[in-house]
Every structure is written in C-alpha cells, then in structure tokens.
Amino acid sequence: MTFFRVIWKLNLKLYMIIFLSLLALGKMIQSGFLPALPHLLVAVGVSALLDAVIHYRKKRKLSFPLSAVVTGLLVGSILTPDERLWVVALAAAVAISSKHIIRIKGRHIFNPAVSGLLVASLFFSAPLVWWSSGNTWAVLIFGLIIAARFKRFHLLLAYAIPFALLMSWYALKNNYPVWPHIMFLNFYFLVFMVVEPKTSPLRIKVRTIYGVITAGLTFLFFHILPEYDASILSLAAANLAVPTLNYRGKRRAIRQQ
Amino acid sequence: MKSIIRVVVVVVFLTVLIFITRAQKTPAEMDGEHRHQMHGQHHGKQTEEVLTPSGEIIDGVRVIKMEAFQYGFKPDPVAVKKGEKVRLLVTSTDVVHGIMIREFGINEKLPPGKEVVIEFTADKTGTFTIHCSVFCGSGHGNMYGSIIVQ
C-alpha cells in the first residue's frame with residue numbers, strides 16, 4: 001500500500017502538524033470554534049510568516065516553514081483561548097526569534113514554543129491551559145506512533161517513569177490520592193515538546209539522561225514555583241543543559257573508542 | 001496481508017479518535033451544571049444578569065468559601081460588588097490545583113484539603129476568568145470558573 005508507505009515516511013514535522021491540528025480540531029468540534037480558532041490562526045500565521053521572512057533574508061530562497069507551523073500550533077494550543085490576541089502574536093514572534101537568535105554551533109538552544117510561552121507567562125501573566133490536550137487517548141496514540149516511527153520510546157519512558165515515581169512519592173508522603181497525581185503527567189507536553197529533535201541531545205544514552213533531568217526539574221518546579229507552568233520551565237532549563245550534555249557525551253564516546 | 005492490517009489499524013484508530021472526540025464530555029456537562037466550555041463564550045451572558053453576591057460580609061470583608069476540584073471551581077460564577085474587599089477561602093477537594101485570577105494578581109497553589117486564604121479588593125467591574133494554574137490532569141484545559149464584579 002503506497003499510501004500508507006507515504007504516510008509512514010512523512011517527516012516528524014508533518015506528523016506533528018497533522019496530530020496537533022487533529023487534536024485542536026477535535027477540541028473545537030467539541031467545544032466550539034470561538035474563541036480558540038482565531039488564536040490558533042494568529043499564532044500559526046505570525047510564526048510561519050516571520051520564519052519565512054527570516055529564512056528568505058538568510059538564504060535568499062522561499063521555503064514553506066513547517067517547523068514554524070508546529071511552533072504556532074503549540075503556542076496557540078497551550079495559551080488560554082481567551083488570551084489577548086497581541087500576546088498570542090508576541091509569543092509566536094518571540095518563539096521564532098529565539099530559534100534564529102539563541103543558537104550554539106548552528107543549533108537553537110530552546111524549543112521555540114517554550115521560549116514564546118515562557119515570555120507570555122512570565123511577563124504577561126498569560127495562563128497556559130493546554131486546551132487541546134484533553135483527549136488523553138488520542139495524545140497517547142499519536143505519541144506511540146511518533147515514538148515508533150522516530151525511535152523515541154526511550155525518551156518518553158525516561159521522562160514518564162521518574163515523573164510518575166516522584167509524584168507517587170509526593171502523594172504518599174502527603175496522604176494524597178496517588179493515581180490522580182501520577183496523571184499530572186502531561187502527555188501532550190511529553191509527546192510534542194520533549195521529543196523535539198533539534199533541542200534534545202544527539203545520542204540515545206544522553207537523551208535518556210535528558211529525559212530523566214527534565215522529569216526531575218518538572219517535579220522541582222511544581223514545588224518551588226507553583227505559580228508558573230512546571231513543564232515549560234523544566235523544558236527551558238533542560239534545553240539549557242543540552243549543549244553541555246552533548247559535549248560530555250561526545251567526549252565519553254571518543255574516550256571509549 | 002501487512003497492508004490489510006495497516007488499513008484496519010488506521011480505520012480503527014480514526015474511528016476511535018472520532019468517537020472519543022465527539023463523545024467526551026466535560027465533567028460539568030455530565031453532572032448537568034451550566035458551565036462554559038471555552039472561556040470566552042460563557043462570559044457575555046453572565047454579565048447581562050445582576051447576580052446576588054456570593055458568600056457573606058464579615059467585619060466589612062466579603063468572605064466566600066470556594067472549592068476547587070477536577071475539573072472546576074464551586075461556586076461558579078462568584079459574584080461580588082465593585083469596591084468590596086474580598087476574602088476567598090479556597091480548598092481543593094481532590095488533588096493539587098492552582099487558582100489564578102490574572103486581573104487581581106492572584107496566583108496560588110491549592111494543596112488538597114488545606115484552606116488557602118486569598119484577599120483582594122474588587123476594584124474593577126467585569127467578568128474575569130478563574131484559571132487552574134497547576135496542570136492537574138487531562139481535564140486541566142476545561143478547569144476554569146469566573147468571578148463577576150458588578
């Protein structure tokens with residue numbers, strides 16, 4: 001079946017675009033297209049346009065900004081649907097700008113959506129509500145497809161297992177119900193943001209460590225900075241550690257040779 | 001054979017997805033309460049009515065007991081009068097939640113079973129969204145309430 005072979009061979013960005021759009025569409029069919037749709041369109045429009053312009057200025061050629069569409073979909077799907085439109089646009093613009101400005105050795109440091117959402121959240125008190133993440137089964141199925149297709153199971157587990165263990169310990173220690181606290185695990189964040197290849201480490205072993213670090217940081221921020229979104233803060237902090245992790249991983253690999 | 005399995009898997013997957021997406025209801029819909037689904041839709045109607053203020057006045061402060069739960073706040077909406085000093089006594093009844101009312105600079109964590117006291121002056125009129133600021137599970141995106149200052 002050529003059709004399925006073609007689908008299977010799609011790149012990660014196209015998978016993300018299809019899955020993120022399906023989740024947003026599903027939620028909008030369920031809850032109404034307003035006010036979410038205009039926000040989503042503004043986020044995607046600003047990201048795509050800005051990325052295309054920057055790309056054109058750098059390379060003097062036009063290309064369709066697939067990764068910017070992913071960024072826009074993430075920004076629009078995580079910010080609250082009643083956010084001010086200019087904040088949505090600004091978050092999208094910051095996301096794309098950070099991708100082109102904050103770089104080390106040709107790779108951007110921060111997951112672009114994370115930087116945009118951080119600015120919106122820290123400076124404009126924008127609530128991050130993850131409005132299209134509610135369909136856990138769909139997110140899980142998409143996550144499994146992405147993990148199977150792009151060999152990311154180790155990263156998903158490296159985040160999920162420590163996070164579940166830490167939350168269980170926290171719930172038991174405080175006499176809270178355990179399972180609902182384990183389900184604080186944000187699958188949407190895990191499937192669509194933690195696995196981002198450009199801002200996660202290059203080697204499998206190092207990537208596993210990165211997953212564990214991100215999980216630990218999410219738990220830590222959940223405690224010390226509860227007024228901000230722990231997932232987004234933890235990914236930003238973990239992204240900062242990636243150049244060092246890559247460097248140490250490379251040195252160790254050379255030594256082992 | 002492999003192709004047929006793939007077709008079946010994709011068809012089943014899409015059917016399940018459509019089913020889940022269309023059938024999944026918010027907790028509020030299930031228990032028959034009036035609740036908004038997307039923040040903006042809900043607010044216009046509320047502001048047209050004049051609501052009886054929530055809670056009671058104690059020593060010149062409007063004291064309102066609130067509950068946070070998966071996935072909502074009670075009472076919803078909360079109604080107060082402009083200029084009143086408001087004290088919210090908020091308790092989470094199940095898991096850790098957060099309460100955020102951006103317009104009044106409120107953002108607090110709500111551990112289960114512990115009453116958290118939040119004080120502010122309702123110095124502007126309008127309908128403001130109460131968000132949960134801690135990701136508290138799959139329905140987190142549906143967890144919000146509103147406060148009406150009239």
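This report walks through a predicted model, from its domains to some of its backbone details and charged pairs.

## Reading the model

Because the model is predicted, local features need pLDDT of at least 70 and side-chain atom pairs count only at pLDDT 80 or more, while totals for chains, interfaces and linings use all residues. Residues are numbered from 1 along each chain as its sequence is written, chains are lettered from A and ligands numbered from 1 in the order in which they are written, and side-chain values use heavy atoms, with hydrogens and water left out.

## Two domains in chain A

Let's start with chain A, which is divided into domain 1 (2-124) and domain 2 (152-256); such bounds come from an automatic or database domain assignment. Taken over C-alpha atoms, the centres of domain 1 and domain 2 of chain A are 22 Å apart. In the contact between them (heavy atoms within 4.5 Å), 20 residues come from domain 1 of chain A and 20 residues from domain 2 of chain A.

The size of an interface is often given as the accessible area lost when the parts come together. Between domain 1 and domain 2 of chain A, the buried area is about 1,800 Å², and carbon and sulfur atoms give 73% of that. Here, buried area is the accessible area (1.4 Å probe) that two parts lose on being put together, summed over both.

## What joins the domains

How many residue pairs are in polar contact between domain 1 and domain 2 of chain A? The count is four, with both residues at pLDDT 80 or more. A polar contact is a pair of N or O atoms within 3.5 Å; within protein, one must be able to donate a hydrogen and the other to accept it, and residues adjacent in sequence count only if both atoms are side-chain atoms.

On the side of domain 1 of chain A that touches domain 2 of chain A, the elements giving two or more residues are α2 (12-31), α4 (66-78), β2 (107-108) and α6 (112-124) of chain A. Helices (H or I, at least four residues) and strands (E, at least two) are DSSP runs, numbered from the N terminus. The largest share of this side, six residues, comes from α6(A). Its residues divide into 15 nonpolar, four polar and one charged; Ala, Val, Leu, Ile, Met, Phe, Trp, Tyr, Cys and Pro count as nonpolar, Asp, Glu, Lys and Arg as charged, and the others, Gly among them, as polar.

## Backbone details

Most residues other than glycine have a negative phi, and most peptide bonds are trans. K105(A) has a positive phi, near 50°, and lies in the loop between β1 (103-104) and β2 of chain A. N175(A), which follows α8(A), also has a positive phi, near 65°.

One runs from K74(B) to P75(B), with omega near 0°, and another from D76(B) to P77(B), with omega near 5°. P75(B) lies in the loop between β3 (72-74) and β4 (78-80) of chain B, and P77(B) is in the loop between β3 and β4 of chain B.

## Charged pairs

Side chains of opposite charge can pair when their charged atoms come close. K99(A) forms a salt bridge with D51(A), their closest N and O atoms being 3.4 Å apart; the term means a side-chain nitrogen of Lys or Arg within 4 Å of a carboxyl oxygen of Asp or Glu.
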